[in-house]
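Me: I would like to go through this model by asking what each label rests on. Please set the values against the definitions.

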Amino acid sequence: MQVKHQNIGLTVDDSLMRVYVVSPEPEGQYPGILFYSDIYQLGRPITLLADRLAGYGYVVAAPEIFHRLEPIGTAIAPDDLGRLRGNDAARRTELAQYDADARAVLDWLKAEKGVAPGHLGTMGFCIGGHLAFRATLLQEVKVAVCCYPTGIHNGKLGRGVADTIERVSEIKGQVLTVFGTLDPHVPLEGREKILTALDEAGIVHRSLLYEANHTFMRDDGYRYDPVATDAVWGEIIKFLEETFDGRAAFQDPG
């Protein structure tokens with residue numbers, strides 16, 4: 001399915017947040033997805049992932065997660081200096097600010113005529129995987145896809161200690177987690193802590209595990225694994241379609 005792109009601006013806490021929006025070209029109503037980048041924001045490897053998801057029949061809205069600290073349109077280089085820069089911005093952003101951004105994008109999706117009512121989800125990578133998981137604490141979110149989510153198991157997100165895992169019982173939707181066995185940022189004990197919390201809270205969830213490293217879905221680094229990435233996409237789309245009762249397909253609003 002062909003897709004179309006636009007950039008919109010949402011003001012949150014008196015800060016302009018750019019949101020990259022990509023949606024199916026055919027007119028209709030589709031599920032809306034709040035889509036989170038990793039610490040490097042919206043560089044081409046991330047927007048390609050957003051484009052791919054939209055092509056399956058989703059309205060995808062990807063915010064710049066560090067808009068309070070970085071100039072609009074900033075894509076941080078995925079190198080040693082960029083890693084320092086991105087991690088510092090992640091540390092300096094307040095937890096309440098991340099939550100306010102999620103609320104703003106979800107409200108925008110709910111107001112869009114191209115988004116099917118009641119069909120909201122979220123997806124993210126690395127820190128974005130944590131943000132996607134956390135956004136599912138909001139009651140209208142039906143599904144979260146969390147790819148190698150960092151900080152859920154140890155509370156590392158923004159200033160202070162995040163209470164995400166302690167609030168798992170608030171989740172009303174379904175959760176898909178994706179992990180790599182070679183990922184040093186989410187080790188075995190971290191994965192087990194997350195999955196145990198979901199089990200104990202009675203959350204409907206699935207977890208996928210691949211022999212892959214952190215950020216293995218980014219196509220611009222040495223950790224990229226195209227075989228695992230293709231396998232993950234098949235599972236992600238199946239999970240989303242099942243959760244949304246097949247509403248990923250084109251829907252004529254008339």
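Reply: Contact here means heavy atoms within 4.5 Å. The model is predicted, so local features need pLDDT of at least 70 and side-chain atom pairs count only at pLDDT 80 or more, while totals for chains, interfaces and linings use all residues. Residues are numbered from 1 along each chain as its sequence is written, and side-chain values use heavy atoms, with hydrogens and water left out.

Me: Which residues of H1 and H6 meet?

Reply: On the H1 side they are Leu 49, Arg 52 and Leu 53, and on the H6 side Asp 230, Trp 233, Ile 237 and Leu 240. Helices are DSSP runs of H or I with at least four residues, strands are runs of E with at least two, and both are numbered from the N terminus.

Me: Why is H1 called oblique to H6?

Reply: The axes of helix H1 (residues 44–55) and H6 cross at roughly 45° and come within 11 Å. Angles under 35 degrees count as roughly parallel, over 145 as roughly antiparallel, 65 to 115 as roughly perpendicular, and the rest as oblique. The H1 and H6 angle falls in that remainder, so H1 is oblique to H6. Axes are lines fitted to C-alpha atoms, for helices over the stretch in contact, with angles from 0 to 180 degrees between N-to-C directions.

Me: What is the make-up of the contact of H1 with H6?

Reply: Its residues divide into five nonpolar, no polar and two charged. Ala, Val, Leu, Ile, Met, Phe, Trp, Tyr, Cys and Pro count as nonpolar, Asp, Glu, Lys and Arg as charged, and the others, Gly among them, as polar.

Me: What makes H3 and H4 roughly perpendicular?

Reply: Helix H3 (residues 95–111) and helix H4 (residues 127–135) pack at about 70°, with their axes 10 Å apart. That angle lies in the perpendicular range, and H3 and H4 are therefore roughly perpendicular to each other. From H3, Leu 95, Tyr 98, Asp 99 and Ala 102 make the contact, and from H4, Ile 127, Leu 131, Arg 134 and Ala 135. The residues of this contact of H3 with H4 divide into six nonpolar, no polar and two charged.

Me: Why is Arg 134 called buried?

Reply: Buried means under 20% relative accessible area, exposed over 50%, and partly exposed in between (1.4 Å probe, protein chains only). Arg 134 has 5%, so it is buried. Arg 134 lies in helix H4. Leaving aside neighbours within four places in sequence, Arg 134 is in contact with Leu 95, Asp 99, Leu 157, Asp 163, Thr 164 and Arg 167.

Me: How do you know whether Asp 14 and Thr 215 are buried or exposed?

Reply: Asp 14 has a relative accessible area of 75%, so it is exposed. Thr 215 has 9%, so it counts as buried. Asp 14 sits in the loop between strand S1 (3–12) and strand S2 (15–24), and Thr 215 in the loop between S8 and helix H6 (226–243). Phi is positive in Asp 14, near 65°, and in Thr 215, near 55°.

Me: What makes Gly 202 exposed?

Reply: Its relative accessibility is 58%, so Gly 202 counts as exposed. Gly 202 is in the loop between helix H5 (188–201) and strand S8 (205–210).

Me: Where does pLDDT stay under 50?

Reply: Over residues 249–254, for which the model has twelve contacts beyond four places in sequence. pLDDT is the predictor's confidence in each residue, from 0 to 100. Where pLDDT is low, the predicted coordinates should not be read in detail. The chain has a mean pLDDT of 95, and 96% of its residues reach 70 or more.
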